[in-house]
Amino acid sequence: MTSLGLLENGLLEKPQTPVATVAELNPTGTAAAVQPSEGQSSEVQASDVQLVNDRRGRVGYFLRRSTGRLIILALIALTVRIFIGEASVVPTGSMEGTILVGDHLFMDKLLYGPEIPLVHWRLPRVKSIHRGDIIVFRYPKNPADTYLKRVAAVGGDTLEIRDGVVYVNSRPVTEPYVVHNFPAYASHEQMSARVIPQDKLFVMGDNRDNSSDSREWGLVPEKNVLGEPMVVYWSYDAPTAFWLDETPSHRVAFYASIAENFFSRTRWSRMGMWL
């Protein structure tokens, strides 16, 4: 079958624009450009404008949806941080033996009466604090600072320290988590008996020879307790000085070193550890 026959049967694709006639050919034999009429030009411009408007509409719709989702996610994150839990890093070694410098912890706040921002109201605390609990609290001498210690005695207890051994209500306390590096007769390992007032807590670090705690600056009001650490979600091996240095240039250099040594200095065995 010839090409003409195929065209008549519709099996070959017909050209979308008319084929140039001999009159439209220039002297070289190629088809001359055909200028669109005024009506065609207006239609092309209108279609271009419509295309631009459609694209702007799609971009605007995408931005509105993205902004809405980001706002919702931010509100969820803020609600979780205020009322449920909070992530924090341990920069000092006062709890070494249990919690290491560079441990990143998720703290439970929900059961300890979280504070409502701006009005500073506290929800009711539903969990009692017991001896041996690890707590996060506002430092009594500067509430802007938060500390992490273990409760040694609660309100109504009589506490005494003799040769590094803690006695509560005249009974020695077994503390397998405690680290001692200095002799038991050191001055900070001795304390005469004292009664802890109600609604107060006597706290100490597990690293007894390297801890600023109630032996030094006194008792913690129960109302200062913010929560308790639950789990180590990441641990990075770096000295205390690096975590506490707030100099901007030093912080940038430290974060760069974390990115460079992330895999080699992460304590993988501690990740997911419950406290």
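Predicted model: local features only at pLDDT ≥ 70, side-chain atom pairs only at ≥ 80, totals over all residues.
**Stop 1: the open sheet**

Select strands E9, E8, E7 and E10. They form an open sheet of 4 strands, in the order E9-E8-E7-E10, with antiparallel pairing. Which are the edge strands? They are E9 (171-172) and E10 (191-195), and each pairs on one side only.

Pick Arg162 and look across to E8: Val165 stands opposite.

**Stop 2: Ser235**

Move to strand E13, residues 225-235, and select Ser235 within that strand. Is Ser235 buried or exposed? Its relative accessibility is 0%, so Ser235 counts as buried.

Show side chains here. The side chain of Ser235 makes a polar contact with the side chain of Asp103 at 2.5 Å. A polar contact also links the side chain of Ser235 to that of Arg267, at 2.7 Å.

The list is Gly102, Asp103, Arg265, Thr266, Arg267, Arg270 and Met271.

**Stop 3: helix H5**

Select residues 248-265. This is helix H5, with 18 residues.

Next, colour Arg251, Phe254 and Ile258, which are buried in H5. The buried residues of this helix pack against E13 and against helix H4 (240-244). E13 is the strand that holds Ser235.

**Stop 4: the cores**

Select Tyr112, Ile129, Ile135, Phe137, Tyr139, Val151, Val154, Leu201, Val203, Trp217, Val220 and Val225. Together these 12 residues make up the largest nonpolar core. Strands E5 (134-139), E6 (142-154) and E11 (200-204) are the elements that give two or more residues to this core. Which element gives the most? E5 does, with 3 residues.

Centre the view on Tyr139. Beyond its neighbours within four places in sequence, Tyr139 is in contact with Asp145, Tyr147, Trp217 and Asn224.

Finish with another core, which lies apart from the largest one and has 11 residues. Select some of its members, including Ala152, Ala153, Val168 and Met191.

Note on methods:
Residues numbered from 1 in each chain as written. Heavy atoms only, no water. Pairing = 2+ DSSP bridges. Buried < 20%, exposed > 50% of the residue type's maximum accessible area, 1.4 Å probe, protein only. Polar contact = N/O pair within 3.5 Å; in protein donor to acceptor, adjacent residues only side chain to side chain. Contact = heavy atoms within 4.5 Å. Expected span 1.5 Å × (residues − 1). Core = buried A, V, L, I, M, F, W, Y, C linked by side-chain atoms within 4.5 Å.
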